[in-house]
Amino acid sequence: MNPSTRTPTAHPLSRWLFHYASPPVFYPLAGRLMPWFWALAALFGVAGLYVSFFVAPTDAVQGEAYRIIFVHVPASWMSMFIYLVMAFWAAVGLVFNTRLSGMMAQALAPTGALMAVLSLWTGSLWGKPMWGTWWVWDARLTSELILAFLYIGFIALQASIDDARRADKAGAILALVGVVNVPVIYFSVKWWNTLHQGASVSMTKSPSMAQTMLWGMLLMALCFWMYAIAVALTRVRAIILEREAATDWVKHALE
Amino acid sequence: MHWNSVGEFFAMGGRAFYVWGSFGACALLMAVEPILAQRRARAVRDTLRREKLADELDRTLDRSPG
């Protein structure tokens, strides 16, 4: 092999990844992808709401109040999933010291916090008519509340540190320590006796009932997922410009 | 379709407050968040454009004779 052609990132996959991890390449790419994710979010949202309100029948036990499931479950899933993605980018940033990773983690945090707040809010509004209480300090609810605080802590910690790279590192450590909370939330209904019901997906009335409910939940979850990607891309573009303001490529990109 | 009237749909079997309170909060926050993110992006773009314009103005003034 000709030694002059060898580079530290010779593997095509890693070369490809590092190429797209560079802000000047990723910024316009994110701009091109954004409208597609907004469109998908709208599409899944319309379909999901239609199924939620006009296809899924009334629940034999819970009446119409169970329809809260169509926003409660997607918000809860996304609050956990976004945290894992955020912790993943934080870890990548710590290990590879790539600029974009920290920006990705920072862009995801507010959306994750929003999902955690929505999960708690809709859960509270569902708990009142079904359990007779807005809130109980049980394992599922408490661990989800901790997740909301982890997001808020991550945002506050990063906001309190002026140097962006140091803020990334501090935030990454907080995010990685907090990641242990996610399996706790997920398995809390199995590990402890809780007021919260078990996994909703296996809720069985009649087979067709479970099927339409599952479809509604799936479509709404896809809507929330596409929404999260779209809004995080919007925010990461702002963060890229804020942090790279002094570079030449930004000056050219704004032509 | 299991709703007999528009009123029945909005009443949600007497659970309107809880159902619409949930869907409404999601709709509200998921409408506000993109606007805030969009605004942040626009604010930084505007600032950078102004700075660039100021730079160019400085340069042209420096080069002007006299």
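Author: Two residues are said to be in contact if their C-beta atoms, placed from the backbone, lie within 7 Å. This is a predicted model, in which local features need pLDDT of at least 70 and side-chain atom pairs count only at pLDDT 80 or more, while totals for chains, interfaces and linings use all residues. Residues are numbered from 1 along each chain as its sequence is written, and chains are lettered from A, with ligands numbered from 1, in the order in which they are written.

Chain A itself has nine helices and zero strands, helices being DSSP runs of H or I with at least four residues and strands runs of E with at least two, numbered from the N terminus. The C-alpha trace of chain A spans about 70 × 40 × 35 Å along its principal axes. Among the contacts in chain A with a separation of 6 or more, 79% join residues 24 or more positions apart. Of the 255 residues in chain A, 39% are buried; a residue is buried if 20 or more other C-beta atoms lie within 10 Å of its own, exposed if 12 or fewer, and partly exposed in between, with C-beta atoms placed from the backbone.

The interior can now be described. A nonpolar core is a set of buried Ala, Val, Leu, Ile, Met, Phe, Trp, Tyr and Cys residues joined through C-beta atoms within 7 Å. The largest such core has 75 residues, and the members that touch the most others are Ile68(A), Met86(A), Ala105(A), Tyr227(A) and Val236(A). At least two residues each come from helix 2 (23-55), helix 3 (69-96), helix 4, helix 5, helix 6 and helix 8 (207-243) of chain A, and also from helix 2 (16-63) of chain B. Helix 8 of chain A contributes the most, with 20 residues.

Met86(A) shows how one of these members is placed: apart from its neighbours within four places in sequence, it is in contact with Ala105(A), Leu108(A), Ala109(A), Gly112(A) and Ala175(A). From the other chain, Ala37(B) lies in helix 2 of chain B, and its contacts beyond four places in sequence are Val231(A), Thr234(A), Arg235(A) and Ala238(A). Ala37(B) counts as buried because 23 other C-beta atoms lie within 10 Å.

Next come two helix pairs. Axes are lines fitted to C-alpha atoms, for helices over the stretch in contact, and angles run from 0 to 180 degrees between N-to-C directions. Helix 4 (residues 99-131) and helix 5 (residues 139-160) of chain A pack at about 150°, with axes 9 Å apart. The two are therefore roughly antiparallel, given that angles over 145 degrees count as roughly antiparallel, under 35 as roughly parallel, 65 to 115 as roughly perpendicular and the rest as oblique. Helix 4 of chain A passes helix 5 of chain A in a left-handed crossing, meaning that the near helix is turned anticlockwise from the far one by less than a right angle, whereas clockwise would be right-handed. Among the residues that meet here are Ala109(A), Ala113(A) and Leu120(A) in helix 4 of chain A, and Leu145(A), Ala148(A) and Ile152(A) in helix 5 of chain A. By class, this contact has 14 nonpolar, five polar and one charged residues.

The axes of helix 3 and helix 7 (residues 181-191) of chain A come within 10 Å and cross at roughly 155°, which makes this pair roughly antiparallel as well. Here, Met80(A), Tyr83(A) and Leu84(A) in helix 3 of chain A meet Val182(A), Ile185(A) and Tyr186(A) in helix 7 of chain A. That contact has six nonpolar, no polar and no charged residues.

Two loop residues complete the view. Asn97(A), in the loop between helix 3 and helix 4 of chain A, has a positive phi of about 60° although it is not a glycine, and it is exposed, with 12 other C-beta atoms within 10 Å. Met12(B) also has a positive phi, of about 50°, without being a glycine, but this residue is buried, with 21 other C-beta atoms within 10 Å.

Notes
Ala, Val, Leu, Ile, Met, Phe, Trp, Tyr, Cys and Pro count as nonpolar, Asp, Glu, Lys and Arg as charged, and the others, Gly among them, as polar.
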